[in-house]
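Subject: Handover of a structure

Dear colleague,

My notes on it follow directly after.

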Amino acid sequence: MDFIVVLITAGSIEEGERIAGLLVDNHLVACVNLVPSVKSIFIWEGKTDQQSEVLLIAKSRKALLNQIIEHVKKIHSYSVPEIIAIPVIGGSEDYLKWVEETTS
C-alpha cells in the first residue's frame, strides 16, 4: 500500500476546516492536522509576496491523490493552491492500517 502525506495551504483557519471536513467526510483522507499561523514567502505574478496561512497535513493513500486534488481545487479560494504529496516510507503498522481502512 502506498501511503502519502498531502500538504495543503489555506488562507484562513475557516477555509482549512472546510477543506479538511470535505476530505475526511468523503473518506479521501483519514486525518488532517491544521497548523495555524504559518508564514509563507513566495513569488506570485513576478513579485515576492508573503502571507499568513494555515497548513493542512493530510494522511491518505497515493491512489486517492487525484481525487484529493480535484476536491480541494473545487472549494479553494486560491487560483493555484498548494497541494503537494510526500510518500510515507514507514510508520506504525496500526496507524497505517487505520489510514487504509478509513480511506477504503
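His27 counts as partly exposed because its relative accessibility is 44%, where partly exposed lies between buried (under 20% relative accessible area) and exposed (over 50%), with a 1.4 Å probe and protein chains only. This residue sits in the loop between helix H1 (13-25) and strand S2 (31-44); helices (H or I, at least four residues) and strands (E, at least two) are DSSP runs numbered from the N terminus. The phi of His27 is near 55°, a positive value in a residue other than glycine.

The model is predicted, so local features need pLDDT of at least 70 and side-chain atom pairs count only at pLDDT 80 or more, while totals for chains, interfaces and linings use all residues. Residues are numbered from 1 along each chain as its sequence is written, and side-chain values use heavy atoms, leaving out hydrogens and water.

A positive phi, near 50°, is also found at Glu45, again a residue other than glycine. Glu45 is placed in the loop between S2 and strand S3 (47-61). With a relative accessible area of 68%, Glu45 is exposed.

A pocket is an open set of points on a 1 Å grid over the protein atoms alone, where a 1.4 Å probe fits, with protein on both sides within 12 Å along at least five of seven lines; lining residues have an atom within 4 Å of a point. The lining of the largest pocket includes Phe42, Trp44, Asp49 and Tyr78. S2 and S3 are the elements that give two or more residues to this lining.

Yours sincerely
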